[in-house]
Structures are given as structure tokens and as C-alpha cells.
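Reader: Could you take me through the terms used for this model, and set each value against the definition behind it?

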Amino acid sequence: MRVLIFGATGMLGKALMRVWTDDEVTGLGSADADIRVPEQVQAQVERVKPDWIVLSAAYTDVDGCELNPQLANAVNTQGAVNIARAAARSSAKLLFVSTDYVFDGKNTQPYETDHPRNPINAYGESKAAAEKKTLEILPEACVVRTSWLFGTDGKCFPDTILKLAAARPQIEVVNDQRGCPTYTDELAEVVVQLCRGNAQGIIHCTNAGDCTWYEFAREILTLAGSSTKVLPTTSEKFVRPANRPRYSVLSSASLGKYGIAMRAWQQTLPDYLLQRGPAA
Ligand SMILES: NC(=O)c1ccc[n+]([C@@H]2O[C@H](COP(=O)([O-])OP(=O)(O)OC[C@H]3O[C@@H](n4cnc5c(N)ncnc54)[C@H](OP(=O)(O)O)[C@@H]3O)[C@@H](O)[C@H]2O)c1
């Protein structure tokens, strides 16, 4: 099968390029095709003639999106529309990577795939609109919602915490946002499986279990053998331009229908730490 990945230079994209063997895979970054420009997208799709397109490209800086919602919409919404249209024209299947931030965080139980979208920041709005429009253009598309990504191919929370801990005796981390950390290497393998299984519709793909950022930081530093102390703080004290959902845990039921179970997030951290190495 021929696969075309938009966003292959990003954190998840690089993991996809690493794990996706046994198929003919072409990976593109923004220098190869700006997804905001329909002609550039169309030209790449016509050149590669993919059976599957994976859209992992996005403007992922949540606070940046809040400060520049036009850019968020251009990349995240219009970019997805351009790719869905090109996929429809060339009869390619599409897997679109989306986010837990399409939800408002008011739930107290894991979000199911059919829960109404109600984003509370510009990034979430741009991705929620992208999901809706993608599924209008290509009803059989697969929308993979994931959350709290970490991996060795990009800037991520564990890396930030390890760098802070190396420089400070104690750090404060918010303890009032709960979600599911997800290791990019494992998610990438699931994406491959879903494409091979002709997946359709909205699927929630995160590592199992949930935690707050504070709990996540504590586990990272414990496993890394750091003596830096982690103190809980609140979102009110740690003000940022964009609001974050307080609870964005995604139910694994939709993934279970494909016979796929992802490991608990705690089990993936040793793999991440080993791959990252001490000097990263
Ligand atoms: N990171 C998370 O915690 C998280 C959580 C939930 C969902 N997601 C979703 O997961 C996907 C992957 O996230 P990630 O963290 O791997 O992203 P990332 O590391 O920020 O990478 C973003 C990718 O998008 C590409 N890109 C940005 N603007 C583009 C444009 N105008 N045209 C073409 N390509 C463009 C970048 O290309 P260049 O580098 O070549 O410019 C890069 O390959 C995204 O769809 C994101 O919304 C991420």
C-alpha cells in the first residue's frame, strides 16, 4: 500500500516514519507542501497517488493559536479541508489526527467519541472545525483523537520536566488538569494498524490510565531517579494565554472495537527514557 504523511517532520510524524515499515511511505514537511495552499496539497497527492493519507501536520502551539487564531484556522482547519478535498478527488483514504482539546473538560468520566465537541480555546476550535468539515467532505474518513503526546522526536512535557529538574531543586506543576499521556511510538504503531484495518469514523487513541500534569511529572522524575521535588500548583497560579480543559480523559472503547489495547502510560515511560538517553 502507498501512504502519504503530511506532518512527517513533527514529533508524531517522525515516529510514524520510523515505525511504518513494509509499506511504501512518503513523508512531507511544510517545506515540501504548505497544507494551507490547496494546489500544493493536490500536486503532492497526484504525484504520490496514495492509498492512505495521514494528516499529522498542525499548528500545535496551543498558546500560539490563542494569540493568532487566524493562523490556527488556516493551518488546522483550512489545511485539513484542503487535504480532505484532495483525498476525495483521488479516492485516497484519510486518517486525520485530532485532539482531546475538542472537549470543554467539564466531564468527570472518560469522553466517548460521540460526545458533543465544545472547545474552550482557539487550538481546540480549529481542530473541532477541521473534524467536522473533514467528515462532511469525506464521511468515511478516520479521525484519531489523541492527547498529551510525548516522544523523543520533539519538544514534550517529560523532556521539559527533566531539563527543569536538572537545574532546580524543586518545581511546581499544575495538579488540576487531568488527561492521558500518550507515547508517540506506540500511537504511531496504532495508526499503522488502523490504516491496515481500513478504520473509519472517530476513534480515541491514548495510552491507558490518566493523571494530572503534577502526577505525570512525579512519575517521570521518580523513574529517572531525580531528587528534585515536585510541588502541586493550580492553573490559576500558572496563567497562560489559552484555557485548558480540566478533564480530557478519552474512553478507549472505540479503539477496543478494533481489537487494539494501548499500554498504561506508566509502562511506556521507561521506553521513552531509554530512547531519550541521559544527555538529551
Ligand atoms: N502534541 C500533542 O500533545 C498533541 C495532542 C493531541 C493531538 N495532537 C495532534 O497530533 C498531531 C501531531 O502533533 P505533533 O505534536 O507531532 O506536532 P508537531 O511536532 O508540532 O509537528 C507539526 C507538524 O506539522 C507540520 N506543519 C505545520 N504547519 C504546516 C503547514 N502550514 N503546512 C504543512 N505542514 C505543516 C510541521 O512541519 P515542519 O516542521 O516541516 O514545519 C510538522 O511536521 C497534530 O495533528 C496535533 O494536533 C498533538
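Author: What follows treats the sheet, the helix pairs and the shell around the ligand in turn. This is a predicted model, in which local features need pLDDT of at least 70 and side-chain atom pairs count only at pLDDT 80 or more, while totals for chains, interfaces and linings use all residues. Residues are numbered from 1 along each chain as its sequence is written.

Reader: What makes S2 and S10 edge strands of the sheet?

Author: The open sheet of six strands has the order S2-S1-S3-S4-S5-S10, with parallel pairing. Helices (H or I, at least four residues) and strands (E, at least two) are DSSP runs, numbered from the N terminus, and two strands pair if DSSP finds at least two bridges between them. Strand S2 (24-28) and strand S10 (201-204) each have a single partner strand, so one side of each is left without a neighbour in the sheet. On average, neighbouring strands of this sheet are turned by 20 degrees against each other, direction ignored.

Reader: How do you know that S1 and S2 pair, and how many bridges join them?

Author: Five bridges join strand S1 (residues 2-6) to S2, and the two run parallel. Phe-6, for instance, has Leu-28 in S2 as its bridge partner. Helix H5 also packs on this sheet, where H5 touches S4 and strand S5 (142-146), and the direction of H5 makes about 155 degrees with that of S4.

Reader: Why is H4 called roughly parallel to H5?

Author: The axes of helix H4 (residues 69-90) and helix H5 (residues 122-137) come within 9 Å and cross at roughly 15 degrees. Axes are lines fitted to C-alpha atoms, for helices over the stretch in contact, and angles run from 0 to 180 degrees between N-to-C directions. Angles under 35 degrees count as roughly parallel, over 145 as roughly antiparallel, 65 to 115 as roughly perpendicular and the rest as oblique, and the crossing angle therefore makes H4 roughly parallel to H5. The contact includes Ala-72, Asn-76 and Ala-80 of H4 and Tyr-123, Ser-126 and Ala-130 of H5, where two residues are in contact if their C-beta atoms, placed from the backbone, lie within 7 Å.

Reader: What is the handedness of the crossing of H4 and H5?

Author: The crossing of H4 and H5 is right-handed; a crossing is left-handed if the near helix is turned anticlockwise from the far one by less than a right angle, and right-handed if clockwise.

Reader: Why are H8 and H10 described as oblique?

Author: Helix H8 (residues 213-224) and helix H10 (residues 265-276) have axes that come within 10 Å and cross at roughly 50 degrees, and H8 and H10 are therefore oblique to each other. Their crossing is right-handed, and Glu-219, Ile-220, Leu-223 and Ala-224 in H8 meet Gln-266, Leu-269, Pro-270 and Leu-273 in H10. By class, this contact has six nonpolar residues, one polar and one charged, with Ala, Val, Leu, Ile, Met, Phe, Trp, Tyr, Cys and Pro counted as nonpolar, Asp, Glu, Lys and Arg as charged, and the others, Gly among them, as polar.

Reader: Which residues come nearest to the ligand?

Author: Of the 28 residues around the ligand, Gly-10, Leu-12, Gly-29, Ser-30 and Ala-58 come nearest, a residue being near a molecule or strand if its C-beta atom, placed from the backbone, lies within 6 Å of it. Helix H1 (11-19), H4 and strand S4 (93-99) are the elements that give two or more residues to this shell, and H1 gives the most, with three residues. By class, the shell has twelve nonpolar, 13 polar and three charged residues.
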